[in-house]
Amino acid sequence: KKGTLNGLTIVIDPGHGGNDHGTTGVNKTPEKKINLLTAELLTSKLRSAGAEVILTRESDKYVDLRKRVAISNQHNADAFISIHYDAHESSSINGFTSYYTNSNQKALAQAIHKGLSTKLSLKDRGVQPGNYLVIRENPKPAVLLELGYLSNRDEERTVTTDYFREQATQGIYNGLIAYFDARLK
């Protein structure tokens, strides 16, 4: 039904976890922690719209990358979204990026990215092909989101706020609604 996610299964993958910390921000923000906070907020929005949401991890534990893909397949996911925050050796690099690998993933990446671009004030780094196992080995529509650079002091300050997470998850939600609405015959 247009404007809802009823009957859809969405797998949310909060990147990293456990002994895999991901990156650590200039101000010591652990990526694995804000990935999970962002995923939890997104989960509640998607469930409110009728989706069945499966998280690859619900606590600070390590989950193997291939296991994350297996979870997507086991649940026959209609969409797989991996949540990350980025880092670069140059602290001036900033912005958000949406990655896909396979051609069946591009429309999802574009729709979610468009949703994010209407909600985030960060630099738009676009939709790009990416060679990440969780999307490369995933036959489902899958996207890996990098929601800002923790290696950039100002951006780290921005992306660690409740307001930013609210805007980012609303953008992802809007993008998913648009993606699935476009697939209705």
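Lys45 is a buried residue, with a relative accessible area of 11%, where buried means under 20% relative accessible area, exposed over 50% and partly exposed in between (1.4 Å probe, protein chains only). The model is predicted, so local features need pLDDT of at least 70 and side-chain atom pairs count only at pLDDT 80 or more, whereas totals for chains, interfaces and linings use all residues. Residues are numbered from 1 along each chain as its sequence is written, and side-chain values use heavy atoms, with hydrogens and water left out.

Lys45 has a charged partner: it forms a salt bridge with Glu166, in which the closest N and O atoms are 3.0 Å apart. A salt bridge is defined here as a side-chain nitrogen of Lys or Arg within 4 Å of a carboxyl oxygen of Asp or Glu. This pair links distant parts of the chain, as Lys45 sits in helix 1 and Glu166 in helix 6, 121 residues apart; helices (H or I, at least four residues) and strands (E, at least two) are DSSP runs, numbered from the N terminus.

A search of the whole structure finds six salt bridges. Among them is the pair of Arg165 and Asp162, with closest N and O atoms 2.7 Å apart. Both residues belong to helix 6 and are three residues apart, about one turn of the helix. Arg165 is buried at 8% relative accessibility, while Asp162 is exposed at 60%. Arg136 and Glu137 form a further salt bridge, the closest N and O atoms being 3.0 Å apart. Here Arg136 is partly exposed, with a relative accessible area of 32%, and Glu137 is also partly exposed, at 35%.

Turning to the nonpolar side chains, the largest nonpolar core has 38 residues, and those with the most contacts inside it are Leu5, Ile10, Ile12, Leu46, Ile81 and Leu176. Such a core is a set of buried Ala, Val, Leu, Ile, Met, Phe, Trp, Tyr and Cys residues joined through side-chain atoms within 4.5 Å. Elements that each supply at least two residues of this core include strand 1 (9–14), helix 1 (31–48), strand 3 (79–86) and helix 6 (162–182). Helix 6 gives the largest share, eight residues. Leaving aside neighbours within four places in sequence, Leu46 is in contact with Leu5, Ile10, Ile12, Ala51, Val53, Tyr173 and Leu176, contact meaning heavy atoms within 4.5 Å.
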